Amino acid sequence: MRYTCCPDGTWERAAARPAPALRPGVLGYRGFRFDLRRPRRRLELPDFMTTLVILFGQKLKVYDPVGARQAAKSTYTSVFAGMQSRARLGEHDGRLSGVEIVIAPWAAYTLFRTPMNALANRLVEPADLLGPRFQCLDERLEACPDWATRFALLDSTLTQWHLDGPRGSARVLWAWQRLNNTAGRIPVHALARECGWSERHLERRFEQQLGLLPKTAGRVLRLRGAVGLLAQGHNGASAASLSGYSDQGHLSREFKNMTGWTLSRFARTRALEHSGPAEVDRGERRPTSLVLPED
């Protein structure tokens, strides 16, 4: 387990790998506590993973920063996010604590016993999704004496959910891994041919068990790959070419369409200092988040 905290006590963070039986489907646990005394807003890029955030008594507001949906804002006491093909912006009043669980979509299909296409591009309260299985889990986690105990409770809880859940198709998992390994660049017709299914059958099973259609998931993977290359120092033209875009303009348009931001604005804002921990991403060398400047 890794643990860091601010000397003045305004935030703390813990991270751990799940039990071996849950890997590689459950990628990691992240515990957090903020007492910043000022609001905090964070932009989350479109993601090919799902997340379960369990809060300890506070509330999180989330809205879609893209287009006309900006006014639609919802409040959650805890939240599950399926695969997302567009950005989300979350905000709280500066006081927030809980745990975040990062889960591959094929593992979420087993853990939550729900077709993932019903949850794609959606946020839901875990209590509504899980029913009695979620009852008092947030309170039990909050009552634990330390982060290590909380993560152990998550291990035991998720292991039971995993044992009780439906198993996904091995071909869907293979297609998902193939799409990941090509960073979303393999055409759907080629993916279907290699999988041994018709294109339509692959789309139907892929969407049911992972959430998005293969083409849409490929768009997310390409965008995330390009953003990662830019963060590693590639220029726009190089990142676009290596990620399968026709040119830099194509990449810029996709980023704006899926996030509501320009790439240059995103890069400038990432470089700014902010209150709270400096690292906010869920993956190594993979920008996933952006803390917005304080007003």
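I looked up Arg88 and its charge partners: Arg88 is buried yet has no salt bridge. Buried here means under 20% relative accessible area with a 1.4 Å probe, protein chains only, and a salt bridge is a side-chain nitrogen of Lys or Arg within 4 Å of a carboxyl oxygen of Asp or Glu. The nearest side chain of opposite charge is that of Asp64, 4.5 Å away; Lys and Arg count as positive, Asp and Glu as negative, and His and the chain ends are not counted.

I note that the model is predicted, that local features need pLDDT of at least 70 and side-chain atom pairs pLDDT 80 or more, and that totals for chains, interfaces and linings use all residues. Residues are numbered from 1 along each chain as its sequence is written, and side-chain values use heavy atoms, with hydrogens and water left out.

I then placed Arg88 in strand 9, residues 88-92; strands (E, at least two residues) and helices (H or I, at least four) are DSSP runs numbered from the N terminus.

What does the side chain of Arg88 make a polar contact with? I found the side chain of Gln84, at 2.9 Å. A polar contact is a pair of N or O atoms within 3.5 Å, one able to donate a hydrogen and the other to accept it; residues adjacent in sequence count only if both atoms are side-chain atoms. The Arg88 side chain also reaches the backbone oxygen of Asn121 at 2.7 Å.

Beyond four places in sequence, I listed contacts of Arg88 (heavy atoms within 4.5 Å), among them Arg42, Glu44, Tyr63, Asp64 and Leu123.

For the whole chain, I recorded 11 helices and 12 strands, and buried residues make up 55% of the 295.

Key
Buried < 20%, exposed > 50% of the residue type's maximum accessible area, 1.4 Å probe, protein only.
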